[in-house]
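Hello,

Here is the structure I promised to pass on to you. My notes on what turned up in it follow below.

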Amino acid sequence: MPTRYDLDRDALADLLTGEPRYRIEQVWDGLHRQLAAPDELTTLPKALRARLTDELPAALDPVATSATPDGDTVKWLFGLDGGARVETVLMHYPDRTTVCVSTQAGCAMGCGFCATGQAGFQRHLTTGEIVEQVVRAARAARDGGRRLGNVVFMGMGEPLANYDRVWPAVRRIHDDLGLSARHLTLSTVGLVPGIRRLAAEDLPVNLAVSLHAANDALRDELVPIGRRYPLTVLMAACADYLRAKGRRLSFEWALIDGTNDRASDADELAELARSLPLPAHVNLIPLNPTPGYPTRGTPRAGVRRFRHLLEERGVNATVRRNRGVDIDAACGQLAARVSRVELTARAR
Ligand code: SF4
């Protein structure tokens, strides 16, 4: 059965066959603008509310929620139909509120430094499952007196590997939830055909490329998809994306101790960042140490040093804040892994 946000307008119209035409707009507006559940739509007759509650079930079953003591970061672990679980993270900054959403349960990309990748792929999320994460976050933000302004597709999963469901979700978030394209960021580990499809779309969303290595030998080791799309091919697609969209592009770089945090890595990364028509911004991601996990993150002083090396080479870099846990890690999946363990522990 399709869930609440899986239906597009036409499918909703079909569901409401026999009702006055204006009901379609009423329900659509209620779900998307008011962020309301069908039983909260008090402008509808009671019987219709009951039917919609039955026929438009929620997709996400909250399994656990955790928040930092200051409430600036809220994480949900959601159960999905079939038993998979994904995470959604809401982050309040002084000047903005952002949600990080998942697009797949698990991941098929198999990056050597990522436990989610090692654990494999479960399934694609549906458009409705993706949109509902945003709706729930927007509601929580509103309840706290904030307005959700940004969506980053950096949670569990490779968004461009689930393009046919992710793009309709992007459209819905833009068209119906009212977020502007410049506040939507899709991440990718480097799926070139997906980047090229994205370049042909009419919405100029931001692109974040999880690079992690700036030469093919190291990248092939860290990110296996690099063997299919070497850096020259990936950079050509990034350059074309920038030319088509004129948006800033970022490189995500998870700093791994002694592996990609050397001066030679800064040299190579700076060269790639500057080779694009608009120089890429680099987001440096310090990894928290995780018990039982072989890869060590670069210590704090090393992170500062690496940033400095990039800036000396003319590249703007930001160190992502950790807020105690890796909510911004890698393409997000490391984050999902760490916090899933924590959330599951809390839920027990
Ligand atoms: S790092 Fe990202 S793309 Fe790579 S396996 Fe993990 S989740 Fe997938």
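Two strands are said to pair if DSSP finds at least two bridges between them. Strands (E, at least two residues) and helices (H or I, at least four residues) are DSSP runs, numbered from the N terminus. Please keep in mind that this is a predicted model, in which local features need pLDDT of at least 70 and side-chain atom pairs count only at pLDDT 80 or more, while totals for chains, interfaces and linings use all residues. Residues are numbered from 1 along each chain as its sequence is written, and side-chain values use heavy atoms, with hydrogens and water left out.

Let me start with the sheet. By that pairing rule, β10 (residues 249-255) and β11 (residues 281-286) run in the parallel sense, joined over six bridges. A254 stands opposite I285 in β11. Both strands belong to an open sheet of ten, ordered β1-β2-β3-β4-β7-β8-β9-β10-β11-β12, with mixed pairing. At its edges are β1 (61-67) and β12 (317-319), each pairing on one side only. From one strand to the next, the twist averages 20 degrees. Helix α10 (residues 263-275) lies across β10 and β11 and runs at about 165 degrees to β10; axes here are lines fitted to C-alpha atoms, for helices over the stretch in contact, and angles run from 0 to 180 degrees between N-to-C directions.

Now the helices. The axes of α5 and α6 come within 8 Å and cross at roughly 40 degrees. In contact terms (heavy atoms within 4.5 Å), T127, I130, V131 and V134 of α5 meet R165, V166, P168, A169, R172 and I173 of α6.

Which aromatic rings are stacked? Rings of Phe, Tyr and Trp (its six-membered ring) pair if their centres lie within 6.5 Å, and planes under 30 degrees apart count as stacked. There are three aromatic pairs by this rule. One of them is W76 with F78, stacked at 6.1 Å centre to centre with 15 degrees between the planes. Y163 and W167 are also stacked, at 6.3 Å and 20 degrees. These two residues lie four apart in α6, about one turn of the helix. W76 and F78 are buried, and so are Y163 and W167.

Best wishes

Definitions and conventions
Rings of Phe, Tyr and Trp (its six-membered ring) pair if their centres lie within 6.5 Å; planes under 30 degrees apart count as stacked, over 60 as edge-to-face and the rest as tilted. Buried means under 20% relative accessible area, exposed over 50%, partly exposed in between (1.4 Å probe, protein chains only).
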